[in-house]
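Let me put the sequence and the structure up on the screen, and then we can walk through a few spots together.

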Amino acid sequence: MSNPESTIAPSSNPTRHRQGYWRLVWRQFRKNKQALVGLGLVLFLFVVAILTPVLANDVPIIMVHEGERYILPYYTRPAELVNFQYDRWEPSEDEYALRPPIPHSPFRQNLRNRQAAPSSEHWLGTDDRGRDVLSRMIWGTRISISIGFVAVGISVAIGVVFGALAGYYTGWVDVVVLRIIEVMMCFPSFFLILAIIAFVRPSIWNIMIVIGLTSWMGVARLVRGEFLKLRESEFVLAARATGLRDMRVMFRHLLPNALAPVLVSATFGVAGAILMESGLSFLGFGVQPPTASWGELLKQSQRLVADGVWWLVTFPGAAIFITVTAFNLVGEGLRDAMDPRLRQ
Amino acid sequence: MNVSTPTEPLLAVEGLVKHFPVRRGVFSKVVGAVRAVDGVDFTIPPGKTLSLVGESGCGKTTVGRTILRLIEPTGGRVVFKGVDMVSLGRRELRTTRRRMQIIFQDPYGSLNPRMTVYSVLSEVLNAHGLAPGKQRRERIYELLDLVGLPPESADRYPHEFSGGQRQRIGIARALAVEPDLIVADEPISALDVSIQAQILNLLADLQERLGLAYLFISHDLSVVQLVSDMVAVMYLGRIVEMGTVKDIFERPVHPYTKALLAAAPVADPEHARKRIILSGDVPSPINPPSGCHFHPRCPDAIPACRELEQALTPVTASHEAACMVHAPTTGATSQSGSE
């Protein structure tokens, strides 16, 4: 059977076929200015979250102390420096310290300098214990971003499994899963979380898990819908006919083709989880002091804002607002970029 | 039921029924059924091709998918190599179905866009423990060669291929599990005419080399005439006439078959043909007409057609038709008794 049709045009670009779909999505995404701004902000927050200890800390990045050279002592934690007072230490002639750009620890209290207004020393002022607000906000970024992503990771994992089972098996499995989803959606999730937090220790991990466990329903419904649509498609029928196991058909054939809308929903989910954590911390049920979080800074401001301590309200509030907006812009951009009807 | 040669059939379908429930209302009450397949019998001997023809919506595709239990049948038996597929549990079905495969109409929809040809084939081999270890790659190249694709195509994604090439990949996937029967569900209707012939030649070539039997589902009579040993004509979920290619194309008995043949274009401008124009549309399979399903549109209908269902009745040894006007039996009833 030799024929002209079975000759294949040489592939001009070897990476093209791998990313065909995502390349198309990216090209569309790029046209959306707002989404690009959102993406830029999200990437910026990522960098801040990753670099936190070298951005805002009283522990130097590089230091020479008593003839010894230390690189990134925050991470290496040399035994002889365990109780070292970094903030009081002034390098002498033959000593040296390269400090982070914000040379304040988020935990170091300075009771003589409480509620100080923004100055060249403390750019965004200090809180009611004299801690640097900017430093605490930078550390709070790490908390917010990680809660956002881990909580959404948990909710996507649960949602994908439930949605996949319901959409693939249909019938009574579908009915059971849908009822579970409906019951879960009946609870106002914020109050459900408050109730659960009353019973468990409100650590950062517990908050991630609780937010994840109460926000998977949307993902489950999305995945179920995609599976219902795809399970009748011919490549899935072919996979079943060739005798592949159900798990393989579900996770290798159906899921990769159903993930695009999940990604969009996950992006919105990150924004929701960050907002949720801020709300919990604001009410005192979230991340516990002295751990810094945006919501926790806002909580302090409740009492102080009447005394004119405006910086404790403005800056954490703006950070929450900008972050949530950025994730929502990215989510909207992704959704539009993936919608084939909007493609020119 | 003895349309074919009297050898042991590879596949015997007996009284196959598939009704899709029609649900309404808050509590999804079943208010009716789409009688997509309403009592179908046929056999396919090893290495032969039976074509199933009929217009859109007559249940051809449902028959094909029900045989493989990609759709669960409502009733009837599908005996494949002596085993009733309908009675098998999930696990037995996985291994037994291996000998029966399907190729699809839409070469764009029948391949997972996120998997290379190699991983598609490898996965199928893996599922049945075929060609393990070092033989795997070799076997995949062999399969690709069998369907006329070069080995380089293994590492490519479906969207890099043309329609005809994709159809070849679909065929290679079906062949990977070494089937005896392939259900070809309109395998060429979505292809360019020039490519159609290549795929048909490939299917014929594979039949010869591997001794495959085909259930060839099509609405294209000229193709059916070319590829089939036997032809079954379906109308509204039932087979109305079945016989060898010669029987159906040269001596059609059922008025519906005659109308179908009259409607098929002939590549001869001089050819004068008697057109049989059927009046009306195909009735709804939710509420099919009483008696013979075809009677409201039949030019030869007699009053009894409205009342009585006519089973397939032998016309000659190899030819059956379900028409009380043209293939009458005494005491026609709704029971199938075609012996």
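At what angle do helix α4 and helix α8 of chain A pack, and how far apart are their axes? Keep in mind that this is a predicted model. In it, α4 (residues 133-169) and α8 (residues 217-230) of chain A meet at about 35°, and their axes are 7 Å apart. The crossing of α4(A) past α8(A) is right-handed. If you want to click along, the residues making this contact include A:Gly159, A:Gly163 and A:Gly167 from α4(A), and A:Leu222, A:Gly225 and A:Phe227 from α8(A). Sorted by class, the contact has 12 nonpolar, 5 polar and 3 charged residues.

Next, please look at helix α2 of chain A, residues 33-55. With 23 residues, a straight helix would reach 33 Å at 1.5 Å a residue, but the end C-alpha atoms of α2(A) are only 29 Å apart. Where does α2(A) bend? The bend is at A:Ala49, by about 45°, and within four residues comes a proline, A:Pro53. A:Ala49 is also one of the buried residues of α2(A), and A:Leu45 and A:Thr52 are among the others.

Last stop: the contact between the chains, with 23 residues from chain A and 39 residues from chain B. On the chain A side, α9 (234-241) and α10 (246-283) each supply at least two residues. The most comes from α9(A), which gives 6 residues. By class, this side of chain A splits into 8 nonpolar, 11 polar and 4 charged residues.

Key: Residues numbered from 1 in each chain as written. Chains lettered and ligands numbered in written order. Predicted model: local features only at pLDDT ≥ 70, side-chain atom pairs only at ≥ 80, totals over all residues. Axes fitted to C-alpha atoms, helices over the stretch in contact; angles between N-to-C directions. Left-handed = near helix turned anticlockwise from the far one by under 90°. Contact = placed C-beta atoms within 7 Å. Nonpolar A, V, L, I, M, F, W, Y, C, P; charged D, E, K, R; others polar. Expected span 1.5 Å × (residues − 1). Bend = angle between axes of the 7 residues up to and from the residue. Buried ≥ 20, exposed ≤ 12 C-beta atoms within 10 Å, placed from the backbone.
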